[in-house]
Amino acid sequence: MRVLGVSAFYHDSAAALIEDGRIVAAAQEERFSRKKHDASFPEHAILYCLEEANTDLAGVDYVAFYDKPFLKFERLLETYLAFAPRGFKSFSMAMPVWIKEKLFQKDLLRKRFKSFDDGFDWQNKLLFSEHHMSHAASAFFPSPYDEAVVLTMDGVGEWATTSVAIGRGNTLEVEKEIHFPHSLGLLYSAFTYYAGFKVNSGEYKVMGLAPYGEPKYADVIKDTLVDIKDDGSFRLDQSYFNYCTGLTMTNDRFSDLFGEPVRAPEDLLTPFHMDIAASVQAVVEEIVLKLTRSLRAEYDLPNLCLAGGVALNCVANGKVHRDGAFENIWIQPAAGDAGGALGAALGAYHIHQRQPRATANGMDHMSGGYLGPCFEQADIEERLTAAGATFHVMDDDALIDRTASALADDQAVGWMAGRMEFGPRALGGRSILGNPASPAMQKTLNLKVKYRESFRPFAPAILREDMADWFDHDADTPYMLIVADVKEERRRRMSASEAALFGIDKLNVVRSEIPAVTHVDYSARLQSVHRETNPRFHALLSAFKAKTGCPVLVNTSFNIRGEPIVCTPEDAFRCFMGTELDLLVVGNCLLRKDEQSVDLKVDYSDSFELD
Amino acid sequence: MAFLLEMWEFLKVRKKFWLLPIMLVLLVFGGLIVAVQGTAVAPFIYTIF
């Protein structure tokens, strides 16, 4: 039985295909359309999934959509009624969109699927899943557990913003929910907006900025904005927020509370903004920890699965892991709405169709997250030739040795190998790699390759077997979703003058043997690299370790600021020629920057809206 | 027509018949807005979708 899952029409459209319960393919539309967070119908992603399964729409038994538009409309109407007459402006802008388009999503889906296959039996094949059920299904069914507590937290779906479900075998029962407008995701987004970043994409920046500041405002937030109960449930005081009725996340009362106006995008980041980021991060961590502790006490199960946008907060995830309330934690790598496509498909298969779930054998069912397109070597050579690239074809051993040498020489390397990752993190399939021991690497990559803010940290990819020697963490974290500290003995003692530095000035201080991936609080967002799921990346790290003694590489997504991660060899070559990357590896092709025609250099940094 | 039937089914399942008059007014009112505006451009409102 084949089930196609689709998420679309809000942000991060995606498609996923499962065959007899096995995840065959999953990809986000933005990678094909080259529009970040593309919300349109994921036509390219669907076609890719069908191609990967060597079938067409007629060969698909069910199509599952990841949320329920009528329920969202109900929430919208009731919210406007509750706040009336405030919110009329928002109402008058929202209603035409809903009445013209969004209420008729089923019809839109029918038409789009009929354009693939005129005989598409939409009345029997098209299913709808609730938003948080899609998240929960994406967290539980691919996890390595037979039984688990499933916690989902995001901005908002239909009504739910936080949900708890219990997964057992092929069943998943929702136990309780927190409803809109009380939302952990929206609280974080409100501070993202207040700090001058873009809602829905700048949340990572708030998390990255937090270690530069002090949580000076955490008590103000808890005393005023959010009422947190002992079990982690919470309520937001809506008199400080504007998202129910206005076109912004926060209102003047919110700004008055902290004594500063909303920061304009690209304005200078001050210590105040760092303290604000640190404060909201501390509050969110407290809520998540209270939630997980109370869930362990209530359900007495050792396994926890997480999904929803808040589950991408890897600093909070790290705290949950270290807290130890649950023995085992598994987080869906595509925890945001793109993962809803996968969850909708898995939910339709296991819950709606009552199909059995494969017994867990210690491994999850995500294939390392490598669920996207792969390009054959002959195809890569043809595409690179057509793009005008000059390249060398090498065997695996020579290629890995040459790449490891370049990395040891502090070169920045574009690395495209095998299938593309599903989810927002690059995990060695579409990555930019660098030497973490180089003190200048963070700044170089941020300013000359990624063209993004210098404060933003980079993550380390490390051989799984060496992890405990370098970090205070010794469990699998293949999806870069857990933050842990660099081991004490790998840190460098700071001088008194260095310790006295504040904010961004801390950035230039060498803090450990691997400064490029050590954040200012000695933390790092870890990716454990496993021979079983990515043998090629594992071999590269091993070769780098043989040359330098260091089993760690800087691993950041292969893109520039605002650009979706590269998908095809042409995307990779364009990014290579548009940045100061020194070396590009695509499959078994190796490209040196100094061998490329200068005519092919492009400046495309303005092509993408900044995130 | 199929849409109206589905909407009716939805109201029955959710037991929210009190939304029916609001929805009917909205459909008329919204129809007018759409007719006057010509196009409906999605504004950036985080929670309307």
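A word on conventions: residues are numbered from 1 along each chain as its sequence is written, and chains are lettered from A in the order in which they are written. As this is a predicted model, local features need pLDDT of at least 70 and side-chain atom pairs count only at pLDDT 80 or more, while side-chain values use heavy atoms, without hydrogens and water.

I begin with the sheet. Chain A holds an open sheet of 9 strands with mixed pairing, in the order β13-β21-β20-β14-β15-β19-β16-β18-β17; strands are DSSP runs of E, at least two residues, and helices runs of H or I, at least four, and two strands pair if DSSP finds at least two bridges between them. At the edges stand β13 (392–393) and β17 (482–485) of chain A, each with a single partner strand, so one side of each lacks a neighbour in the sheet. Helix α13 (residues 314–323) of chain A packs on this sheet and touches β17 and β18 of chain A, contact being heavy atoms within 4.5 Å.

I turn to salt bridges, meaning a side-chain nitrogen of Lys or Arg within 4 Å of a carboxyl oxygen of Asp or Glu. The structure holds 42 of them over all chains. One joins E285(A) and K319(A) at 2.7 Å, N to O; E285(A) lies in helix α12 and K319(A) in helix α13 of chain A, 34 residues apart. E285(A) is buried at 9% relative accessible area, whereas K319(A) is partly exposed at 32% (buried is under 20%, exposed over 50%, partly exposed in between, with a 1.4 Å probe and protein chains only).

Finally, R34(A), E563(A), D571(A) and R574(A) are linked in a salt-bridge network.

Definitions and conventions. Axes fitted to C-alpha atoms, helices over the stretch in contact; angles between N-to-C directions.
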